[in-house]
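Below is a short briefing on a protein model.

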Amino acid sequence: MEVVLVLALVVLLGTNGVESQTAQVYEYFEYPAMSCRTHSASLTDFGGVGDGTTSNTKAFQAAIDHLGQYASEGGSQLFVPPGKWLTGSFNLTTSHFTLYLHRYAVLLASQDESEWSVIEPLPSYGRGRDTTGGRFISLIHGTNLTDVVITGDKGTIDGQGVLWWEKFRKGDLKYTRPYLIEIMYSDNVQISHLTLINSPSWNVHPVYSSNVLVQGLTILAPVKSPNTDGINPDSCTNTRIEDCYIVSGDDCVAVKSGWDEYGIAYGMPTKQVVIRRLTCISPFSAVIALGSEMSGGIQDVRAEDIVAINSESGVRIKTGVGRGGFVKDIYVRRMTMKTMKWAFWITGDYGSHPDDNYDPNALPVIQNINYRDVVAENVTMAAKLEGISGDPFTGICISNVTIELAKTAKKVPWNCTYIAGISSGVVPRPCDLLPDQGQEKMTACNFPEDSLPIDNVQAQICTYKRKYI
């Protein structure tokens with residue numbers, strides 16, 4: 001992704017923490033993406049000003065609207081050059097489109113609420129997550145798209161979330177806080193090689209979409225910032241998340257599929273998810289969470305080569321009475337954890353309902369949960385595995401796991417109720433509801449050897465060629 005030909009020097013500016021960084025207009029560069037484009041433009045072609053104070057909302061929308069004419073002619077790409085580009089929310093209204101941020105480009109999310117339109121709640125949620133009713137649209141939003149790429153050379157999207165966090169804590173929000181990136185009802189989506197910081201709420205939210213590639217993201221937020229989840233695939237099929245580094249005030253990755261009666265009625269599960277080479281720091285939440293909004297179902301999630309540091313829990317399943325749905329066929333292997341409260345946590349009494357109309361007879365099905373080849377150190381409690389009375393969580397398998405307890409660890413390292421399963425080669429010895437099968441069964445917990453369709457999606461080397469408009 002190195003620039004190979006420089007056309008002209010334009011302006012000196014300080015950006016992304018680099019003083020007096022020389023901004024340059026680039027004629028040509030290369031970058032990896034799932035799809036390449038024929039037509040190109042720069043944000044400056046549409047009046048964009050990267051001074052950190054001028055609003056570029058209209059410039060972004062004008063650029064995208066103009067480039068939409070090329071959707072059926074090889075597609076288009078919009079280059080955001082070095083600078084600080086203040087902007088409100090904007091819509092990616094065209095398919096076969098790439099948004100590319102230069103390494104020293106910073107998108108600054110506007111703190112003027114008038115630059116954020118309000119949209120309807122997600123149908124599988126029934127209301128906003130912060131308030132009843134609508135929600136602020138995400139900073140970068142897209143609906144009903146095919147083949148869209150949001151990428152860069154580690155360019156930055158800064159949500160400037162402090163204002164939103166303070167409003168949330170004070171109860172001053174009229175609508176649910178915006179996310180940084182939300183793509184809905186779309187197919188073939190790539191979000192990669194960016195730095196996302198200080199999101200008002202969730203960072204990346206693909207929802208009702210398929211064939212989603214999330215790759216090479218750095219996501220940073222204060223560890224006490226509210227609900228700053230990293231990556232939340234939601235009612236999606238065929239998603240690949242890899243090579244990401246996340247420091248979060250909430251779950252680093254949260255797999256979701258709708259909330260109580262609304263998620264049950266919508267009935268769109270998340271399935272076929274691959275998570276690999278993820279590094280996470282989240283002292284008050286999970287490295288990987290399944291739920292709690294899982295009422296449409298979650299199936300076939302494969303996580304491997306995960307590093308968890310100073311986090312509340314490694315893998316957590318969150319559900320409860322009224323959720324309905326299912327979480328099944330979950331596979332985790334080669335996970336390393338350092339300084340954790342729990343290594344494994346399954347919660348069957350998670351509350352937080354959208355309203356009082358949920359069905360108390362809607363019980364979740366939790367089955368075929370597999371953890372293997374895990375090493376953890378400085379852990380307060382090995383596991384807290386709590387099913388539901390009359391609705392036990394079954395098929396839990398834990399093998400070849402070594403957990404080194406902290407000096408301040410709980411006297412009883414395992415807490416298990418209303419579950420059933422097996423274990424093999426686990427230290428410390430699990431609870432009686434996970435009977436030891438012996439050393440010969442240390443590979444008992446399955447991990448699929450077949451690949452998912454999203455693993456067949458490979459990047460190609462694309463080029464940007466500046467064309468003046």
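Two strands pair if DSSP finds at least two bridges between them. Strands (E, at least two residues) are DSSP runs, numbered from the N terminus. This is a predicted model, in which local features need pLDDT of at least 70, side-chain atom pairs count only at pLDDT 80 or more, and totals for chains, interfaces and linings use all residues. Residues are numbered from 1 along each chain as its sequence is written, and side-chain values use heavy atoms, with hydrogens and water left out.

**Strands around β24**

- Strand β22 (residues 253-255) runs parallel to β24, and three bridges join them.
- Within this pairing, Val255 stands opposite Leu290 of β24.
- Strand β24 also runs parallel to β25, with four bridges between them.
- Ala289 has Arg316 in β25 as its bridge partner.
- Strand β24 (residues 286-290) is mostly covered, as five of its five residues are buried (under 20% relative accessible area with a 1.4 Å probe and protein chains only; over 50% is exposed, and in between is partly exposed).

**Strands around β23**

- Strand β21 (residues 237-247) pairs with strand β23 (residues 270-281) in the parallel sense over nine bridges.
- The bridge partner of Thr270 in β25 is Ile298.

**Thr347**

- Thr347 lies in strand β26 (residues 326-347).
- Thr347 counts as buried because its relative accessibility is 4%.
- The side chains of Thr347 and Arg316 are joined by a polar contact of 3.1 Å (a pair of N or O atoms within 3.5 Å; within protein, one must be able to donate a hydrogen and the other to accept it, and residues adjacent in sequence count only if both atoms are side-chain atoms).
- Leaving out residues up to four places away in sequence, Thr347 touches Arg316, Ile317, Lys318, Thr319 and Glu386, where contact means heavy atoms within 4.5 Å.

**The largest pocket**

- A pocket is an open set of points on a 1 Å grid over the protein atoms alone, where a 1.4 Å probe fits, with protein on both sides within 12 Å along at least five of seven lines; lining residues have an atom within 4 Å of a point.
- The lining of the largest pocket has 23 residues, and Arg129, Asn227, Asp250, Lys318 and Tyr350 lie nearest its centre.
- Strand β25 (residues 298-318) gives the largest share of this lining, three residues.
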